[in-house]
Amino acid sequence: QVQLVESGGGLVQAGGSLRLSCAASGRSFGINVMGWYRQAPGKQRELVASITSGDKITYADSVKGRFTISRDNAKNTVNLQMASVKPEDTAVYYCNVKSVLPGAYNYWGQGTQVTVSS
């Protein structure tokens with residue numbers, strides 16, 4: 001059974017830092033894209049950052065220069081280092097792993113709450 005276990009969410013003051021981690025297990029993932037998405041109340045889920053097996057990285061414009069995504073292919077883990085956080089970063093953050101082959105697989109974590117106080 002595939003599992004994506006997230007950790008590191010919580011309450012942080014504006015301007016502070018937080019680190020999210022996600023560990024994927026349960027199958028061989030092959031060549032894939034690992035990423036973090038977020039969903040704020042009343043809004044659609046949006047991509048925050050993603051990283052391929054070959055370390056190609058994509059960031060949402062709203063987090064460029066503040067957030068850093070990284071991965072460990074041997075451990076099937078992906079991390080999101082959040083710095084200079086803002087109240088608008090408040091959301092439930094979801095880990096995602098999907099194949100580069102369209103429709104092959106697409107897995108989600110259970111989500112972790114990040115709340116930024118002003």
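Here is a walk through this predicted model, from its disulfide to its core and then its aromatic pairs.

Let's start with the structure's 1 disulfide. Cys 22 and Cys 95 make the link, with their sulfur atoms 2.1 Å apart. Cys 22 sits in strand β3 (residues 18–25) and Cys 95 in strand β9 (residues 91–99), so the pair ties together parts that are 73 residues apart in sequence. The link is left-handed, at -80 degrees about the S-S bond, and both Cys 22 and Cys 95 are buried.

Next comes the largest nonpolar core, which has 28 residues. Those with the most contacts inside it include Trp 36, Phe 67, Leu 80 and Tyr 93. Among the elements that give two or more residues to this core are β3, β4 (32–39), β8 (77–82) and β9. Have a look at Leu 80: leaving aside residues up to four places away in sequence, Leu 80 touches Trp 36, Val 48, Phe 67 and Tyr 93, among others.

Now for the rings, with 4 aromatic pairs in the structure. Phe 29 and Tyr 107 have their ring centres 6.2 Å apart and their planes at 85 degrees, so this pair is edge-to-face. Phe 29 lies in the loop between β3 and β4, while Tyr 107 belongs to strand β10 (residues 106–108). Phe 29 is buried, at 5% relative accessible area, whereas Tyr 107 is partly exposed at 24%.

Tyr 37 and Trp 108 also pair edge-to-face, with ring centres 4.9 Å apart and planes at 65 degrees. This pair joins strand β4 to strand β10, 71 residues apart.

Note on methods
Residues numbered from 1 in each chain as written. Predicted model: local features only at pLDDT ≥ 70, side-chain atom pairs only at ≥ 80, totals over all residues. Heavy atoms only, no water. Disulfide = S-S within 2.5 Å. Helix = DSSP H or I, 4+ residues; strand = E, 2+ residues; numbered from the N terminus. Buried < 20%, exposed > 50% of the residue type's maximum accessible area, 1.4 Å probe, protein only. Core = buried A, V, L, I, M, F, W, Y, C linked by side-chain atoms within 4.5 Å. Contact = heavy atoms within 4.5 Å. Phe/Tyr/Trp six-rings, centres within 6.5 Å; stacked < 30°, edge-to-face > 60°.
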